[in-house]
Amino acid sequence: MADRRLQVFHTVAKVMSFTKAAETLHMTQPAVTFQVKQLEDFFNTRLFDRTHNKITLTEAGRVVYDFSDHILELYEKMNSEVRDLTGEVSGSLVIGASTTIAEYMLPCLLGAFKKQYPDVNIRLQVGNTDAIVSMVENNMIDLGLVEAPVNNKNLEVEVCRIDEMQLICCPDHPLAKRDEISIEEACKYPFVVREEGSGSRSVIDTYIREQGLSLSDFNIVMELGAPESVKMAAEADVGLAIVSRSTLMKELKLGTLKAIPLNPPLRRPFSHVRQKQKFRHRAVGELLDFAVTYCKEKAVEFGFEVPDLDDKKRYSSHYN
């Protein structure tokens with residue numbers, strides 16, 4: 001219902017890029033440029049300065065951006081309050097998720113949510129934890145789901161599940177018959193790791209340091225950008241790796257990988273992240289409630305630890 005020109009301009013101004021705005025809005029770049037030009041024609045002034053493939057807001061652009069922030073939020077509030085009166089849960093949500101959560105948790109969760117709330121349209125953005133937190137900070141997504149601690153006091157962070165990460169290797173690896181292993185023993189073998197910025201990589205780095213080691217003590221033979229790539233490398237005996245046990249259901253069932261618990265255990269919180277002050281669309285609230293219940297049920301089903309979401313002190317170290 002909001003002025004499309006204003007929505008497009010607001011997105012461009014947030015990301016400071018016509019190309020990135022086009023990707024976010026699922027539009028072509030010429031269409032984004034046209035909408036901004038229409039708004040500039042309406043005000044009879046430039047809203048962006050364009051120099052050397054870089055854009056900045058003009059003084060008029062900053063005024064329009066500040067007002068558009070309030071206007072678009074008011075549209076959301078009006079829409080939500082009317083929907084509350086009618087009991088209808090509908091609208092569009094933009095969710096961001098880090099790779100492991102997006103690939104292994106969300107498809108089933110969102111599918112179940114969509115069956116219960118068919119009038120809610122969901123768009124998913126996938127990136128590493130750093131990218132998803134940045135999207136939340138810049139108001140580009142309604143909700144972020146991440147797999148590493150978030151150290152930003154301006155964001156609301158709530159644990160939805162506790163995940164255990166374990167060492168993986170091919171079935172004929174010398175360590176394959178072990179019931180558990182310390183990281184000191186594991187570091188003697190070649191290792192495959194995720195890329196920097198990955199939530200998994202961050203959690204593993206912290207764990208290794210807590211054991212008195214650093215990644216420089218490891219023989220890192222490969223850095224890869226996705227959990228599937230890491231698992232395939234371990235299957236091919238390129239090296240050991242540490243991954244979420246929740247990503248291993250298929251491989252463990254087929255016997256193509258062995259998972260060895262670490263001693264001490266390596267556990268991390270899966271959390272949802274959103275802006276503290278941002279108006280919460282009713283559909284976001286429904287999704288959060290649905291996700292908490294769904295994750296608890298699946299945690300019990302697959303033997304994962306169920307977090308006590310009322311016991312915030314238990315996880316406070318993750319957010320300090």
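**Exercises on salt bridges, burial and strand pairing**

The side chains of R178 and E185 form a salt bridge, with N and O 3.2 Å apart. A salt bridge here is a side-chain nitrogen of Lys or Arg within 4 Å of a carboxyl oxygen of Asp or Glu. The model is predicted: local features need pLDDT of at least 70, side-chain atom pairs count only at pLDDT 80 or more, and totals for chains, interfaces and linings use all residues. Residues are numbered from 1 along each chain as its sequence is written, and side-chain values use heavy atoms, with hydrogens and water left out.

**Exercise 1.** Classify R178 and E185 by their relative accessibility.

Solution. Step 1: take the cut-offs, which are buried under 20% relative accessible area, exposed over 50%, and partly exposed in between (1.4 Å probe, protein chains only). Step 2: R178 has 32%, so R178 is partly exposed. Step 3: E185 has 30%, so E185 is partly exposed too.

**Exercise 2.** Describe the salt bridge between E156 and R274, and state where its two residues lie.

Solution. Step 1: the N to O distance between the two side chains is 3.3 Å. Step 2: the pair links distant parts of the chain, with E156 in strand β6 (residues 155-169) and R274 in strand β11 (residues 266-275), 118 residues apart. Strands are DSSP runs of E with at least two residues, helices are runs of H or I with at least four, and both are numbered from the N terminus. Step 3: E156 has a relative accessible area of 30%, so E156 is partly exposed. Step 4: R274 has 11%, so R274 is buried.

**Exercise 3.** Is Q125 buried or exposed, and which residues does Q125 contact beyond its neighbours within four places in sequence?

Solution. Step 1: Q125 lies in strand β4 (residues 120-126). Step 2: its relative accessibility is 18%, so Q125 counts as buried. Step 3: with contact meaning heavy atoms within 4.5 Å, the partners of Q125 include T24, V94, G96 and I141.

**Exercise 4.** In which sense do strands β7 and β8 pair, and what unit do they make with helix α9?

Solution. Step 1: two strands pair if DSSP finds at least two bridges between them. Step 2: β7 (residues 190-194) and β8 (residues 219-224) have five bridges and pair in the parallel sense. Step 4: together with helix α9 (residues 199-210), the two strands make a right-handed β-α-β unit. Right-handed means that, with the strands pointing away from the viewer, the path from the first strand over the helix to the second runs clockwise.
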